[in-house]
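Please keep the sequence and the coordinates in view while reading.

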Amino acid sequence: MNNITIIGIGRLGLGLGLILEKIGYNVLGIDKNKDYVEQLNNKTFLTDEPKYNTLLKESRNFKASSDLKYGLDHAQFIFILVQTPNGGGNRFYDHNILSNLLSNISDFNPCNKHFIICATIMPKYIDEIGNFLLNINPISKDNNNTLSYNPEFVAQGDVIDGFMNPDLILIGTHSKHVEEKLKEIYDKIRTKNTYCIMTPLEAEIT
């Protein structure tokens, strides 16, 4: 069974994790809130988000943890859905939480990992900040890690249906391997998808 890690299992991250578990992946969600993690693992967590409670109750291969290292070891493909709140002004989206996370990830010296940011970010973040924090050179053939962009166009109150029936799937990546893996995942969710494949910068601008 394919393993997937999701760092940040708030409302959107949890929805993605439950869908991926339902279509056959072994999903590990990472969150700093230990009480929340325990509720998810005990299946006592309740929410008003449609379909979440049923999906969590029926899940067999979804678990949560507060151990970042455990999350990095669990999977090659790691989705990141931490908050990037609207900061206004020149810093329209606040990247502090995301940047701190990437810096913490770098401390573990990950190898052969594909990180996929799903949160909203400003143009040039991946090329000028994210890759730097993870020590990634996207044009190096010897590089083992990648950082890509795959924003989710979903709204609270309709998260599951938004994931299941997207108008389009935007993938910003320098890696053909990541592109193929994301298509494989989304094609398991829905057979007819409209893909828009770009570089990370083009996807951020879009």
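A residue is called buried when its relative accessible area is under 20%, exposed when it is over 50%, and partly exposed in between, with a 1.4 Å probe and protein chains only. The model is predicted, so local features need pLDDT of at least 70 and side-chain atom pairs count only at pLDDT 80 or more, whereas totals for chains, interfaces and linings use all residues. Residues are numbered from 1 along each chain as its sequence is written, and side-chain values use heavy atoms, with hydrogens and water left out.

Helix packing comes first. Two packed helices are described by the angle between their axes and the distance between the axes. Helices (H or I, at least four residues) and strands (E, at least two) are DSSP runs, numbered from the N terminus. Axes are lines fitted to C-alpha atoms, for helices over the stretch in contact, and angles run from 0 to 180 degrees between N-to-C directions. Helix 5 (residues 96-106) and helix 6 (residues 125-133) have axes that come within 8 Å and cross at roughly 40°. On the helix 5 side, Leu98, Ser99, Leu102 and Ser106 meet Tyr125, Ile129, Gly130 and Leu133 of helix 6, where contact means heavy atoms within 4.5 Å. By class, this contact between helix 5 and helix 6 has five nonpolar, three polar and no charged residues. Here Ala, Val, Leu, Ile, Met, Phe, Trp, Tyr, Cys and Pro count as nonpolar, Asp, Glu, Lys and Arg as charged, and the others, Gly among them, as polar.

Attention now turns to the charged pairs. The structure holds eight salt bridges, each a side-chain nitrogen of Lys or Arg within 4 Å of a carboxyl oxygen of Asp or Glu. One of them joins Asp48 and Arg11 at 3.4 Å, N to O. This pair links distant parts of the chain, 37 residues apart: Asp48 lies in the loop between helix 2 (34-42) and helix 3 (52-58), and Arg11 in helix 1 (residues 11-22). Asp48 is exposed at 64% relative accessible area, while Arg11 is partly exposed at 33%.

Within helix 8 (residues 176-189), Glu179 and Lys176 stand three residues apart, about one turn of the helix. Their side chains form a salt bridge of 3.3 Å, N to O. Glu179 is buried, with a relative accessible area of 11%, whereas Lys176 is exposed at 52%. Elsewhere, salt bridges that share partners join Arg11, Asp48 and Glu49 into one network.
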